[in-house]
Amino acid sequence: MIDHDQRSYELIARVFAGQAEGLTQEDIVDNITLYWLTNTAIPSARLYWENKLAFFAVKNITIPVAVSAFPDELYTAPRSWAEKAFPKLIHYNKLDKGCHFAAWEQPALLTSELRTAFRPLRTSPT
């Protein structure tokens, strides 16, 4: 996870250099410890090793989709690509901060995105 990608490595390095990044040193050590003690670091990387699909190919997903484009993601999907890939795109937002591990690094921001994106799909109880 520390060397998942350059941006994640830089974020973690900034945290250990004393900068506030949405994570604390304790958050990082806790997460590494969880992988270490449960011996799940290698199995969690299996998806990346085995994935041979054309990851960025348009797949014509037909269910409602929301895209939150985090600036430090491995690939920040532009709106034009998202609209082609997801004909039922109901929400697109380009955010100011966040990386590949946005749920871990920016949980409040991601939660807000999810609520905003899927609020139109909620139905009123009868």
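Colleague: Which helix holds both Arg-46 and Glu-50?
Modeller: This is a predicted model, where local features need pLDDT of at least 70, side-chain atom pairs count only at pLDDT 80 or more, and totals for chains, interfaces and linings use all residues. Residues are numbered from 1 along each chain as its sequence is written, and side-chain values use heavy atoms, with hydrogens and water left out. Helices are DSSP runs of H or I with at least four residues, strands runs of E with at least two, numbered from the N terminus. Arg-46 and Glu-50 sit 4 residues apart, about one turn, in helix α3.

Colleague: Happy with that! How far apart are the closest N and O atoms of Arg-46 and Glu-50?
Modeller: A salt bridge here means a side-chain nitrogen of Lys or Arg within 4 Å of a carboxyl oxygen of Asp or Glu. Arg-46 and Glu-50 form one, with their closest N and O atoms apart by 2.6 Å.

Colleague: And how many residues apart in sequence are the parts that Asp-72 and Arg-7 tie together?
Modeller: The side chains of Asp-72 and Arg-7 meet in a salt bridge at 4.0 Å, N to O. Asp-72 is in the loop between β1 and α4 while Arg-7 is in helix α1 (residues 6-16), so the parts they tie together are apart in sequence by 65 residues.

Colleague: Is Phe-70 buried or exposed?
Modeller: Phe-70 lies in the loop between β1 (65-69) and α4 (79-85). Buried means under 20% relative accessible area, exposed over 50%, and partly exposed in between, with a 1.4 Å probe and protein chains only. At 7% relative accessibility, Phe-70 counts as buried.
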